[in-house]
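Open your viewer and get ready to click through a few residues. We will go stop by stop.

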Amino acid sequence: MTAATMSSNTDLVLPGDGYDAFEDFLYNAPSQPQLLEMRRTEIINATDAAKKASAEAAARKAAQDAPTASRGRSSGGSTRNSMSASRQNLVDWDDNYEALKKYHAAHGNCAVPFGKETGSLRSWTERQKKLNSLNRLEQDKVDKLKALEFDFTMKQLSSRSVGSKSPSPRSSPRSSVNATPASTTPAQQNAPAAAPQAPPVRRSSSAKADKSWAEQFEALRTYRDGHGNCDVPFGSEHGELRSWTERQRKLVKINRLEQDKVDMLIGLGFDF
């Protein structure tokens with residue numbers, strides 16, 4: 001018997017190393033039940049330990065993969081929602097473009113007026129003009145609108161050239177000071193002329209100061225519904241509203257008008 005070690009106090013044969021030793025172990029195992037039982041116990045314990053280690057490794061891997069999978073599902077959901085919103089915006093743009101194409105075919109231009117039937121389309125066209133002025137309108141959409149001879153120009157109004165009526169001429173302060181009343185006495189004529197007084201500073205009344213932006217906007221909407229445009233003229237009836245519209249134009253030029261208010265005015269067809 002090769003590669004085996006004999007104990008001096010017992011007949012138990014312990015297997016050595018190598019294939020020959022394993023054959024010797026199998027040859028002697030039936031006659032050595034203690035050794036066979038010991039080996040069987042070792043094999044069972046080793047197998048259980050291996051299964052436990054494998055299960056623990058699988059659990060650790062599952063715990064590591066769970067957050068990644070969750071983030072992937074969350075990211076995928078956000079991406080799908082974003083893509084869905086983008087597709088919806090494109091559909092809305094295409095629908096309005098088709099409506100504008102039909103208007104162009106019927107009227108020969110894209111100058112959509114305000115009204116119950118075309119108010120939504122007019123607001124959309126004004127929105128395209130504003131987006132184009134801010135370089136936020138995609139080039140393919142610009143090309144489509146140009147194919148319909150769409151005018152992207154946003155008309156600038158002058159405070160001195162609105163409407164056919166011009167402000168009534170005012171007398172010069174100098175001429176009013178130097179004018180001599182018809183019924184003056186010689187002593188009054190020889191008296192030194194009074195020094196011209198500075199014109200009083202115009203202050204807005206408390207009622208005007210208390211008017212909110214929303215109230216002025218509603219007043220402009222009422223004017224638009226009655227006249228078909230937002231070109232408020234000067235005059236005693238609309239002077240306050242005209243001053244308010246001019247202030248909105250000034251605030252836009254210096255980037256101090258909130259975007260939501262800009263969008264509301266564009267929706268009325270207001271020309272900045």
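**A first stop in a loop**

Start by selecting N255, which sits in the loop between α9 (239–253) and α10 (259–267); helices here are DSSP runs of H or I with at least four residues, numbered from the N terminus. Although N255 is not a glycine, its phi is positive, about 55°. N255 counts as exposed because its relative accessibility is 71% (exposed is over 50% relative accessible area, buried under 20%, partly exposed in between, with a 1.4 Å probe and protein chains only).

This is a predicted model, where local features need pLDDT of at least 70 and side-chain atom pairs count only at pLDDT 80 or more, while totals for chains, interfaces and linings use all residues. Residues are numbered from 1 along each chain as its sequence is written, and side-chain values use heavy atoms, leaving out hydrogens and water.

Next, go to E149, in the loop between α4 (139–147) and α5 (173–178). E149 has a positive phi near 60° and, at 63% relative accessibility, is exposed.

Now select W93 and W124. How are their rings arranged? They form an edge-to-face pair, 5.5 Å centre to centre with 65° between the planes (rings of Phe, Tyr and Trp, its six-membered ring, pair if their centres lie within 6.5 Å; planes under 30 degrees apart are stacked, over 60 edge-to-face, the rest tilted). W93 lies in helix α2 (residues 33–107) and W124 in helix α3 (residues 119–133), so the pair ties together parts 31 residues apart in sequence. W93 is buried at 6% relative accessibility, and W124 is buried at 10%.

How values were computed
Helices (H or I, at least four residues) and strands (E, at least two) are DSSP runs, numbered from the N terminus.
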